[in-house]
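Okay, thanks everyone for coming. I'll take a few minutes to walk through this one with you, so let's get it up on the screen.

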Amino acid sequence: MTMVLGEPGVDGLSEVVDVLREWQYDGAPMRLHPGDLGWFWRFGAEATAAAVRTWSRDGRILAVGLLDRPEPSRLTIAPDAQRDEELAQRLVEDATEPERGVLIEGKVHVEAPAGALVQDLLFKDGWNAAEPWTPLRRDLTEPVKEPGVRIEVIGPEQAHVRTAVQRGIVRRVDVHGRALARDGGRIAVRRRPVSGRVRRPGKRGGGGDGVVGRSG
């Protein structure tokens with residue numbers, strides 16, 4: 001039973017999305033979900049496949065990571081593998097050694113599920129907790145009260161308006177040179193469970209201060 005680090009390739013993205021979908025349930029300690037991959041897919045299938053990492057054992061995917069550089073790398077783990085020692089140890093090793101192709105050298109961030117063993121091992125390995133996410137949830141069991149705002153469908157003639165709003169949300173232009181709201185909308189459209197973010201000391205090319213790590 002060997003743990004295998006892999007990249008799904010374009011043909012394997014559908015399987016990864018299906019796996020993430022299966023792991024979703026109310027209250028799940030998730031850091032990465034199908035919508036994250038769908039949002040990243042705006043860069044194209046090849047770029048998305050190149051940013052995804054999977055950890056599998058006996059042909060079953062147990063963990064999925066999205067290298068949303070230079071922002072936090074997001075990691076999620078199968079519900080029944082949150083405290084899997086072999087998996088957690090392998091995740092820490094892969095996150096610590098840049099040559100393994102998971103994280104770049106220097107200061108990096110990782111976001112992983114709250115309560116997962118990998119967080120405990122990262123702390124033990126010298127990573128530091130960063131600011132935790134605040135969970136925002138909306139119960140949709142009952143109809144949502146009318147907000148009193150006008151809702152319109154944006155057509156081609158109003159595309160510039162939609163783009164201007166999105167650019168107003170984003171805090172930076174991403175590495176592809178496009179003004180896209182990678183961070184904008186997290187509160188509005190993503191369920192973010194409470195989770196500790198971890199930072200790794202910049203001992204490999206980062207130097208100096210500890211780094212706000214992407215974990216949690």
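**Starting from the core**

So, the largest nonpolar core has 41 residues, and the ones that touch the most other members are Leu37, Val64, Ile77, Leu87, Leu91 and Val118. Several elements give two or more residues to this core: helices 1 and 2, helix 3 at 45-51, strand 2 at 52-57, strand 3 at 60-66, strand 4, helix 4 at 85-96 and helix 5. In soluble globular proteins, nonpolar side chains do tend to be buried together. One caveat before I go on: this is a predicted model.

Let me take a few of those core residues in turn. Leu37 belongs to the group that touches the most other core members. Who does Leu37 contact, leaving aside neighbours within four places in sequence? The list is Val16, Val17, Leu20, Leu32, Thr48, Val52 and Leu66.

Next, Ile77, which sits in strand 4, residues 73-77. Is Ile77 buried or exposed? Its relative accessible area is 1%, so Ile77 is buried. Look across to Ala63 as well: Ala63 and Ile77 are 14 residues apart along the chain, with 4.3 Å between their C-alpha atoms.

After helix 5 comes Gly126, with a positive phi near 105°.

Now a loop. His33 is in the one between helix 1 (13-22) and helix 2 (34-40). Why does His33 count as buried? Because its relative accessibility is 16%, and the cut-off for buried is under 20%. Its side chain also reaches the backbone nitrogen of Gly35, at 3.0 Å.

Val161, Val165 and Ile169 make a nonpolar surface patch of about 240 Å². Val165 is in helix 6, residues 159-169.

Let me zoom out to finish. We have seven helices and seven strands in the protein chain, and reading from the N terminus the order is β-α-α-α-β-β-β-α-β-α-β-α-α-β. Of its 216 residues, 44% are buried. If you take contacts between residues at least 6 apart in sequence, 69% of them join residues at least 24 apart. And the chain exposes about 11,700 Å², with carbon and sulfur atoms supplying 53% of that.

That's my tour. Happy to go back to any of these views.

Terms used: Residues are numbered from 1 along each chain as its sequence is written. This is a predicted model: local features need pLDDT of at least 70, side-chain atom pairs count only at pLDDT 80 or more; totals for chains, interfaces and linings use all residues. Side-chain values use heavy atoms; hydrogens and water are left out. Helices (H or I, at least four residues) and strands (E, at least two) are DSSP runs, numbered from the N terminus. Buried means under 20% relative accessible area, exposed over 50%, partly exposed in between (1.4 Å probe, protein chains only). Contact means heavy atoms within 4.5 Å. Accessible areas come from the Shrake-Rupley method with a 1.4 Å probe; for residues, only the protein chains shown count as cover. A polar contact is a pair of N or O atoms within 3.5 Å; within protein, one must be able to donate a hydrogen and the other to accept it, and residues adjacent in sequence count only if both atoms are side-chain atoms. Patches are made of residues with over 30% relative accessible area and no salt bridge: like charges are joined within 9 Å, nonpolar side chains (Val, Leu, Ile, Met, Phe, Trp, Tyr) within 5 Å. A salt bridge is a side-chain nitrogen of Lys or Arg within 4 Å of a carboxyl oxygen of Asp or Glu. A nonpolar core is a set of buried Ala, Val, Leu, Ile, Met, Phe, Trp, Tyr and Cys residues joined through side-chain atoms within 4.5 Å.
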